Amino acid sequence: MSNGRDALRKLGSTGRALPSILSADFANLGGAVEPFLRAGCEILHVDVMDAHFVPNLTLGPPIVKSLRRHVPGVFLDTHLMVTSPLEYLERFARAGSDLCTVHVELGLSPETARAEADRVGVALGAAIKPGTPLEDAVRRWAPFVDLILIMSVEPGFGGQSFMPESLDRLRRTGEICTELGVSPILEVDGGIDAGTGPQVVAAGARWLVAGSAIFGAPDPLDAYHTIDRAAREA
Ligand code: DX5
Ligand code: ZN
C-alpha cells in the first residue's frame, strides 16, 4: 500500500487540472489517460458511484487496481460518492488510491474518517454538495482533512453546467480555513472548462477537476493544458 499523504506532500501546492476518467473510454482507460501523463499530468480524478448515494453506478476497486497497473506513477484522487465509504477505504488503498474523498452529508465523524485513512495509508478529502450548509461542514471537517472538495454540480453525472454560487462557497471555504489556521487543498468538481476555470481559481480553487471539457473536446490535450494553465496561474 502506498502512503497517500507522502505522495500528496511531494505534489506540493501547485494548482492543477485533474482529468476525470468518468468521461473517458472505460474500455480503454490506460490508453485514454496516457497522453495526459506524457504531457506532465500527475493526478487523475476517479469517480466512484454506488447507485445509492447518487443515482448512478460507475466503478470500484478492481478498476482502480487495473488503472494503477497501467499508470504506476500517477496520483489517484478517488471521489467516493457512496453511502458507506469507510467500509471501502482499505480496499481502495490496496487497489492503489492515494487519496479518498468522502461526502460530509453522510454524517460520519471526521475523527473516525481520519483514523481509518491513516490506518490504511491514504490521504483524506471531504466533499460538500452544492445544497449542503457550508459553514458547519467546513468548520467540522477542515481540521481533519488534506483536501476539501466543493461540488459545483449535483454529484452523479458528468457534463452538467457549473453552478455560479459555487464561487462564493469556494471563497468562504478559504476564509474559514484561514480562520482555523488550516490549509487543506481546495478542489472543485463539476462544469469546469476554459471559461469557469479562471473564475474558480480566482475564488481560491487549486485542483480543478474536468471531465467532459477535456475528454469531450476536439483536442483533449489542448483542453487539458488550457485548464491546467489557469490553475497554475493562481
Ligand atoms: C460528478 C463527478 C465529476 C465529473 C465532472 O458527479 O464528481 O468528477 O466527472 O464532470 P464534468 O467535468 O463533465 O462536469
Ligand atoms: Zn468527482
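**Exercise 1. The strand β2**

Which residues of β2 lie on one side and which on the other, and are they buried or exposed?

Solution. This is a predicted model, in which local features need pLDDT of at least 70, side-chain atom pairs count only at pLDDT 80 or more, and totals for chains, interfaces and linings use all residues. Residues are numbered from 1 along each chain as its sequence is written, chains are lettered from A and ligands numbered from 1 in the order in which they are written, and side-chain values use heavy atoms, with hydrogens and water left out.

- Step 1. Buried means under 20% relative accessible area, exposed over 50%, and partly exposed in between, with a 1.4 Å probe and protein chains only. Strands (E, at least two residues) and helices (H or I, at least four) are DSSP runs, numbered from the N terminus.
- Step 2. Take one side. Ile43, His45, Asp47 and Met49 are buried there.
- Step 3. Take the other side. Leu44, Val46 and Val48 are buried as well.
- Step 4. Conclude. Both faces of β2 are covered, and seven of its seven residues are buried.

**Exercise 2. The sheet**

Find the order of the strands in the sheet, then look at two of the pairings.

Solution. 

- Step 1. Apply the rule: two strands pair if DSSP finds at least two bridges between them.
- Step 2. Read the order. Eight strands form an open sheet, β1-β8-β7-β6-β5-β4-β3-β2, with parallel pairing.
- Step 3. Find the edges. β1 (16-19) and β2 each pair on one side only.
- Step 4. From one strand to the next, the average is 25 degrees. Here axes are lines fitted to C-alpha atoms, for helices over the stretch in contact, and angles run from 0 to 180 degrees between N-to-C directions.
- Step 5. Look at β2 and β3. Seven bridges join these parallel strands. His45 stands opposite Asp77 in β3.
- Step 6. Look at β6 (residues 147-151) and β7. Five bridges join this parallel pair. Ile150 faces Val188 of β7.

**Exercise 3. Two pockets**

Describe the largest pocket and the second largest pocket.

Solution. 

- Step 1. Define the space. On a 1 Å grid over the protein atoms alone, a pocket is an open set of points with protein on both sides within 12 Å along at least five of seven lines; a cavity is a set where a 1.4 Å probe fits but cannot get out; lining residues have an atom within 4 Å of a point. Points are joined across faces, edges and corners, and a volume is the space filled by probe spheres set on them.
- Step 2. Take the largest pocket. Its volume is about 290 Å³. Of its 15 lining residues, Gly12, Asp146, Ser183, Pro184 and Ile185 are the closest to the centre.
- Step 3. Name its elements. α1 (4-11) and β7 (185-189) each supply at least two residues. α1 gives the most, with three.
- Step 4. Sort its lining. Ala, Val, Leu, Ile, Met, Phe, Trp, Tyr, Cys and Pro count as nonpolar, Asp, Glu, Lys and Arg as charged, and the others, Gly among them, as polar. The lining has six nonpolar, five polar and four charged residues.
- Step 5. Turn to the second largest pocket. It holds about 240 Å³. Its lining has 24 residues, with Gly158, Gly159, Asp189, Gly190 and Gly191 nearest the centre.
- Step 6. Finish it. β2 (43-49), β3 (75-81), β8 (207-210) and α9 (212-215) each supply at least two residues. The classes are 11 nonpolar, 11 polar and two charged.

**Exercise 4. The cavity**

How many cavities of 30 Å³ or more are there, and what lines the largest cavity?

Solution. 

- Step 1. Count. There is one cavity of 30 Å³ or more.
- Step 2. Size the largest cavity. About 40 Å³ of space lies in it.
- Step 3. List the lining. Among the residues are Arg16, Ala17, Leu18, Cys41, Ile43, Tyr224 and Arg232. β1 and α10 (220-232) each give two or more residues.
- Step 4. Sort them. Five are nonpolar, one is polar and four are charged.

**Exercise 5. Cysteines and a loop residue**

Solution. 

- Step 1. Check Cys100. Cys100 counts as buried because its relative accessibility is 0%.
- Step 2. Go to Ala51. This residue lies in the loop between β2 and α3 (61-70). Ala51 is partly exposed, with a relative accessible area of 46%.
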